[in-house]
Amino acid sequence: NGSKIFPGMETDVAEGGHILSIGPLEAILELNRRLEKHKEKGSFLPFEADGPVRGLSGCGGLRHPFRAGGHVPELPEEQLRRLQFLDLNGKDLALDRERTERLTYALGRELDIPVVSGSDTHQAVQYGCVTTVFERDVDTVPALYGEMTAGRYAIDLSDTAAFQVRTACLLKRSLKEIHALGGDYVAILTREATA
């Protein structure tokens, strides 16, 4: 239906933010391998905007830059200028659109980098709450980044974004509770409906 899927990975950083790396599958797998020693709780990678993707054929950006607990936008400007894009986050848009747009676009202008959307989908119901619609068809990460920097796209927030996000958050909390109680939520979700 016109959607493209590019491999990527979200990386937690020590400053309380998330970096999104997009690239060919081999590059993302290599990045995952490089970050192995940072996967233990409390050993997060310090922020380096292009650190995770340096030497790989991809691009890196900052996810939900103004979410509570994140401090990456407070870092020195010379570090932030290494970012290649910012995420206008679907969850944050659904919860407080005015604040999310105001802060994210202002940082994008300050750093002179594109602001594109990310749905922040952790549950399928949230998929499509926000989309970045490109004017041209692209098949590679360099072409995708080229369209981002050229500004040939529009961001489309779904009319049902708030409902999608609330539903996804409820489902996520429920699944965590099932897991905490010792249940197998994967088996519950994949069990054939009998009702």
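This note covers the pockets and the aromatic pair of a predicted model.

1. Basis. The model is predicted, with local features requiring pLDDT of at least 70, side-chain atom pairs pLDDT 80 or more, and totals for chains, interfaces and linings using all residues. Residues are numbered from 1 along each chain as its sequence is written, and side-chain values use heavy atoms, without hydrogens and water.

2. Largest pocket. Its space amounts to about 1,200 Å³, a volume being the space filled by probe spheres set on grid points joined across faces, edges and corners. A pocket is an open set of points on a 1 Å grid over the protein atoms alone where a 1.4 Å probe fits, with protein on both sides within 12 Å along at least five of seven lines; lining residues have an atom within 4 Å of a point. The lining has 33 residues, with K4, I5, F6, S117 and T132 nearest the centre.

3. Second largest pocket. The volume here is about 220 Å³. Of its 13 lining residues, R67, K91, D120, H122 and K172 lie nearest the centre.

4. Aromatic pair. The search of the whole structure gives 1 aromatic pair. F134 and Y153 are tilted, at 5.7 Å centre to centre and 55° between the planes. Rings of Phe, Tyr and Trp (its six-membered ring) pair if their centres lie within 6.5 Å; planes under 30 degrees apart are stacked, over 60 edge-to-face, and the rest tilted.

5. Exposure of the pair. F134 is partly exposed at 23% relative accessible area, whereas Y153 is buried at 19%. Buried means under 20%, exposed over 50%, and partly exposed in between (1.4 Å probe, protein chains only).
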